[in-house]
Amino acid sequence: MAEPRRSSRQRSLVEMLAPPKRKAGDGDGELDAPAARSKRVTMGVKAEDSIKDEETSAAVKHEDASAPGSSSRPALDAPLVPVTRREFVERYRVEGLGGAEVYYMPDWIDEATAERWRIELDALPQWYRPHLTVYGRTIQQSRHIAAFSTTPGLPLKYSGHPVEMHSPFPPLLADIAAQLATPECLGADVHFNHAMLNRYEDGSVYIGKHSDNVENQVIVTVSLGAPRLWIMRERAPRGAKKDAAANDELLEKRWRLASGSVLVMQGDVQRRFTHEIPREPKKSAGWERPRISITFRQLVYPDAPTKR
Ligand SMILES: O=C(O)CCC(=O)C(=O)O
């Protein structure tokens, strides 16, 4: 399933020295759940890391869409429940990530179903390319996204711009969420109130190294279409030396996200690891179609009431 860990020393020089070149209109960013905090929050990409790290997409800010502590947040449909189904977590835990709660099921659905879902999702009218503010400039991201919530009014900002959130889930997304919650997959207790679709037209479309806001405590990604490389890297502990030797000690894992696969990240994964889907200019097998990912999420609003 997963390719073995390679240290940064073993990575090709080209890969290490040639981070993707960025050009105007080729922005990239990551999206995260709002969180109640005592100050205005910077969502997703940690600002200090984004600025320092040339590989990451940009200093993209993701902000809570409403005032901290606001009581105007809609009630959550259900409390957060991580994936605990024993058969799933024991069988699909990704080794080599220091016990982090990362699970990968490569063959959740068959190729024909994955392709049918991809084509149907591709035809949704809600796709758009968000604008991002990067170093004071507004650019348009290369990836198309479409965002849905189960609860009308769930607020979310993306680099200073409100996300175009649609409610409810379209029937296919609701159906896929229901199929994830079966005893054969994640189990019935896991609920999502948000789903973000990302479309990677070809290998030039990517998502830079980032981690999602820690309030995204359960993120479940369903991959459909072209298999793309997925890289997880351990973050250096705060205050740790940032030299090459220290870097080599950090865990890294990379593998391809197969069409029809399910990836789960939860617990302290976002605090400990970054993730990315790099540019891949060379076409590989299966790349005659785009990739669409669905990230089902539980947006956590600690100050929001829960219905039930
Ligand atoms: O498309 C994917 O699988 C990953 C998307 C992602 O990294 C994110 O939404 O934070």
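The following dialogue explains how to read several features of this predicted model.

Trainee: What should be known about the numbering and the model before reading the confidence values?

Mentor: Residues are numbered from 1 along each chain as its sequence is written. The model is predicted: local features need pLDDT of at least 70, side-chain atom pairs count only at pLDDT 80 or more, and totals for chains, interfaces and linings use all residues. The term pLDDT denotes the predictor's confidence in each residue, from 0 to 100. Here the chain has a mean pLDDT of 76, with 70% of its residues at 70 or more.

Trainee: Where does pLDDT stay under 50?

Mentor: Where pLDDT is low, the predicted coordinates should not be read in detail. In this chain, residues 1-71 stay under 50, and the model has 157 contacts beyond four places in sequence for them; a contact requires C-beta atoms, placed from the backbone, within 7 Å.

Trainee: Which residues have the most contacts inside the largest nonpolar core?

Mentor: In soluble globular proteins, nonpolar side chains tend to be buried together. A nonpolar core is a set of buried Ala, Val, Leu, Ile, Met, Phe, Trp, Tyr and Cys residues joined through C-beta atoms within 7 Å. The largest one has 58 residues, and V102, A195, L197 and V220 have the most contacts inside it. Strand β12 (residues 218-225) supplies the largest share of this core, 5 residues; strands are DSSP runs of E, at least two residues, numbered from the N terminus. Beyond four places in sequence, A195 touches F148, F169, L173, I294, T295 and F296.

Trainee: Is R291 buried or exposed, and why?

Mentor: A residue is buried if 20 or more other C-beta atoms lie within 10 Å of its own, exposed if 12 or fewer, and partly exposed in between. R291 is buried because 23 other C-beta atoms lie within 10 Å.

Trainee: In what order do the 4 strands of the open sheet lie?

Mentor: Two strands pair if DSSP finds at least two bridges between them. The order is β11-β16-β13-β14, with antiparallel pairing. β11 (207-210) and β14 (252-257) each have a single partner strand, so one side of each is left without a neighbour in the sheet. Between β11 and β16 (residues 273-277) there are 2 bridges, and H210 has H275 as its bridge partner in β16.

Notes
Contact = placed C-beta atoms within 7 Å.
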